[in-house]
Amino acid sequence: MSAPVSVKDYENSAREKLPKSVWDYYSSGANNEQTLSDNCNAFSRYRLRPHVLNDVSKVNLGSSVLGTPIDFPVCIASTAMNKMAHPTGEIAVVKAAESMKIGYMQSTWATTSVEDITAAAPGAIRWLQLYIYKNREVTKQLVQRAERLGYQGIFLTVDTPILGKRYKDVKNNFSLPSHLSLENFKALDLKELHTVDGENGSGLAQMVAALIDPSLQWSDIAWLKTITSMPIVLKGIITGEMAKRAVKENVAGILVSNHGARQLDGVPATIDALREIVQAVDGKCEVYLDGGVRNGTDVIKAIAFGAKAVFIGRPVLWGLAHNGQEGVRHVLKMLREEFKTALQLMGCTSIEEL
Ligand SMILES: Cc1cc2nc3c(=O)[nH]c(=O)nc-3n(C[C@H](O)[C@H](O)[C@H](O)COP(=O)(O)O)c2cc1C
């Protein structure tokens, strides 16, 4: 295979390299994967309207998330269990993010602990993606460890009271390989993740059912605020109605996301939902987007509709599977270059002009 030049090339490489059950876990969506294909296809339904004869010899690609500057408006979304893609796992990803001066959102279910991530990339912009456990003490300890380590925000996932049905994971009896563990919770008994009885679907679905709190509700955001002073972003809002409700809780931001189409199949593509949500929040908090971002013009479209930044999930895993940190870094560099080219061809010199 010749050297990859696009996210698509990295995806093809990952499909060849990864064991089938891992490829299926990373790539698949919920149920009939209607939203999965829509997330990407929806971007191509929007057309760009460039300005011409505007001096674009100098451009500024920078943006910020929660007040922290980033070099270009693409950050890394939380994806669970990165060591299945490459032995260096999350460490490779956070180092790539650090070197590109963009933000890294660590999954609660990382195969590397918050302590080891911080030690590997102390200068990285780090946020913690949070699942709230039935055991609030476990949740509190993780949040407070992250805060002490200099994490700069919480992305609270609100679309996963239970795990969506992912047919391929059920068929493969998907479970975490026994040599790996969810390092943030070494003390917890997580045997559910390694053993699959075939009754309730994948090992992951069983773990979520056993440990994650399905009774989570709006009032819990107030509780979260009592245990941390980090800003809180709600990850997984997909309608204007819920965005308005989030604003009432004084959250710092909303990540328009359908969890990479892995939860409720049939919800809108994120780029289709974005404008309604930007209107609904009316500048009262920051808005970001993830889902289906695969090239520079996708980033342009999301920013033009009012996102401060986009996040990418699978493209990072494809780079990681190809060749670790270098692969992730190259994926980010490609997106940066594609975004810069598209911005100039749009006749803009900064994201504000979009
Ligand atoms: C393999 C995989 C694992 C994921 N794990 C998590 C997770 O642990 N927590 C979470 O909030 N979202 C998780 N997500 C969702 C991502 O954070 C993000 O919303 C999604 O991947 C964005 O879509 P994209 O993959 O099309 O870029 C996961 C997504 C994938 C593909």
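User: Where does His 259 lie?

Analyst: In this predicted model, His 259 lies in the loop between β8 (253-256) and α12 (270-281).

User: Why is His 259 called buried?

Analyst: Let's set the value against the cut-off. Buried means under 20% relative accessible area. His 259 has 13%, so this residue is buried.

User: What makes the pair His 259 and Tyr 131 a polar contact?

Analyst: Here the distance needs checking. The cut-off for a pair of N or O atoms is within 3.5 Å, and the side chains of His 259 and Tyr 131 are joined at 3.5 Å. The value therefore sits at the limit and still counts. Leaving aside neighbours within four places in sequence, His 259 is also in contact with other residues, including Thr 157, Asp 159 and Lys 235.

User: How do you know that Tyr 25 belongs to a "binding site"?

Analyst: That label comes from UniProt, in an unreviewed entry, which places the feature at Tyr 25, Tyr 131, Arg 166, His 259 and Arg 262. Of these residues, the lining of the largest cavity includes Tyr 25, Tyr 131, Arg 166, His 259 and Arg 262. Please keep in mind that such annotations may be inferred rather than shown by experiment.

User: Is Tyr 25 buried or exposed, and what makes it so?

Analyst: Tyr 25 has a relative accessible area of 4%, and this is under 20%, so Tyr 25 is buried. Tyr 25 lies in helix α2. Not counting residues up to four places away in sequence, Tyr 25 touches Arg 166 and Arg 262, among others.

User: Why does Ser 27 count as buried?

Analyst: Ser 27 has 14% relative accessibility, and the cut-off is under 20%, so Ser 27 counts as buried. Ser 27 is found in helix α2 (residues 20-27). The side chain of Ser 27 reaches the backbone oxygen of Trp 23 at 2.7 Å. Beyond four places in sequence, Ser 27 touches Leu 36, Arg 314 and Trp 318.

User: What makes Ser 63 buried?

Analyst: Ser 63 has 11% relative accessibility, which is under 20%, and therefore Ser 63 counts as buried. Ser 63 lies in strand β1 (residues 63-65).

Methods
Residues numbered from 1 in each chain as written. Predicted model: local features only at pLDDT ≥ 70, side-chain atom pairs only at ≥ 80, totals over all residues. Heavy atoms only, no water. Helix = DSSP H or I, 4+ residues; strand = E, 2+ residues; numbered from the N terminus. Buried < 20%, exposed > 50% of the residue type's maximum accessible area, 1.4 Å probe, protein only. Polar contact = N/O pair within 3.5 Å; in protein donor to acceptor, adjacent residues only side chain to side chain. Contact = heavy atoms within 4.5 Å. 1 Å grid on protein atoms, 1.4 Å probe; cavity = no way out; pocket = protein on both sides within 12 Å on 5 of 7 lines; lining within 4 Å.
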